[in-house]
Amino acid sequence: MDERAYVVEALLERLRSDGVAHRLLGEEDVTLAVAPDAFGGMPRHVARFCQDFDLKLVQLARVEPQRWEFVLAWTDERGRPRFLGVQALGDYFRARRRLLRGRDLLAGTPSALFAYTLLEALERQSLGEARGERLAELWHRDPRGAIERLGRLWRARRDLRLVARAAKRGDWTPVRAELAALRRALHRSVAPTPGSLAATLRVALENRLAARSVRVAFIGGADPALRSRIAQDLAPAFPGGLGLVEPE
């Protein structure tokens, strides 16, 4: 087991021992659905975990009304920095809209996981083969539930047919060509509520006080290979972006 996998498994075990109900939604950037009553306490749980395992909590931000983003750091046996991004979700918000209830994600019903996986593809504007296979698998476990859930998110029958046809056939090529259009249609179909707008504004104000991005300046013409190595090593620590510049 590599270091990253070990840290993930140790974190999940800690949450289990702390009695925090959770479900692992994604492993690329570790994403967890947590029980509503546990969401507010996640910074405390993660901070104590880091303290006990000699890890550094180098970033903590609430990037959506019910989405915590953590970056954990440690050094490997060669002294190189290593990072792990962890996100904890209550209700699923994107673009000031609540798209999924946290209790549905925590229950792990096929229709909720299908919707979550598809919505993440739209947000990232990327639908790779592995994600497509996962979507098809979830669809065939409960096609009726999946199409009913999609009907709450998109109004146009064309959009529903496009996704349903792709899921049935396991061919996501037509959907990949429409990712941007599907995201726009989603935002038109699901209006933000006054409560979600207010919560999003509070989050935006909080994040103005805590930088999630950084710019690294190289003075004296650093070697391109060194620049690339630094970018590769440090980028995971800054989910908001890492910029490399050379002062004139």
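1. Two residues are in contact here when they have heavy atoms within 4.5 Å. Helices (H or I, at least four residues) and strands (E, at least two) are DSSP runs, numbered from the N terminus. The model is predicted: local features need pLDDT of at least 70, side-chain atom pairs count only at pLDDT 80 or more, and totals for chains, interfaces and linings use all residues. Residues are numbered from 1 along each chain as its sequence is written, and side-chain values use heavy atoms, with hydrogens and water left out.

2. Start with helix 5 (residues 110-124) and helix 6 (residues 129-141). Their axes lie 8 Å apart, at an angle of about 155 degrees. Helix 5 is therefore roughly antiparallel to helix 6. Axes are lines fitted to C-alpha atoms, for helices over the stretch in contact, and angles run from 0 to 180 degrees between N-to-C directions. Angles under 35 degrees count as roughly parallel, over 145 as roughly antiparallel, 65 to 115 as roughly perpendicular and the rest as oblique.

3. Which residues in helix 5 meet helix 6? They are P110, L113, F114, T117, L118, E120, A121 and R124. Their partners in helix 6 are R131, R134, L135, L138, W139 and R141. By class, this contact has 8 nonpolar, 1 polar and 5 charged residues. Ala, Val, Leu, Ile, Met, Phe, Trp, Tyr, Cys and Pro count as nonpolar, Asp, Glu, Lys and Arg as charged, and the others, Gly among them, as polar.

4. Helix 5 also packs with helix 7 (residues 143-151). The axes come within 8 Å and cross at roughly 50 degrees. The two helices are therefore oblique to each other. From helix 5, S111, A112, F114, A115 and L118 meet G145, A146, R149 and L150 in helix 7. That contact has 6 nonpolar, 2 polar and 1 charged residues.

5. Now turn to helix 6 and helix 8 (residues 157-169). They pack at about 95 degrees, with axes 8 Å apart. Helix 6 is therefore roughly perpendicular to helix 8. A136, W139 and H140 in helix 6 meet A164, A167 and K168 in helix 8. By class, there are 4 nonpolar, 1 polar and 1 charged residues.

6. Last, the cavity. A cavity is a set of points, on a 1 Å grid over the protein atoms alone, where a 1.4 Å probe fits but cannot get out; lining residues have an atom within 4 Å of a point. The structure holds 1 cavity of 30 Å³ or more. The largest cavity has about 50 Å³ of space. Volume means the space filled by probe spheres set on the points, which are joined across faces, edges and corners. The lining consists of Y92, R94, L99, L119, L122, E123, R183, L186 and H187.

Definitions and conventions. 1 Å grid on protein atoms, 1.4 Å probe; cavity = no way out; pocket = protein on both sides within 12 Å on 5 of 7 lines; lining within 4 Å.
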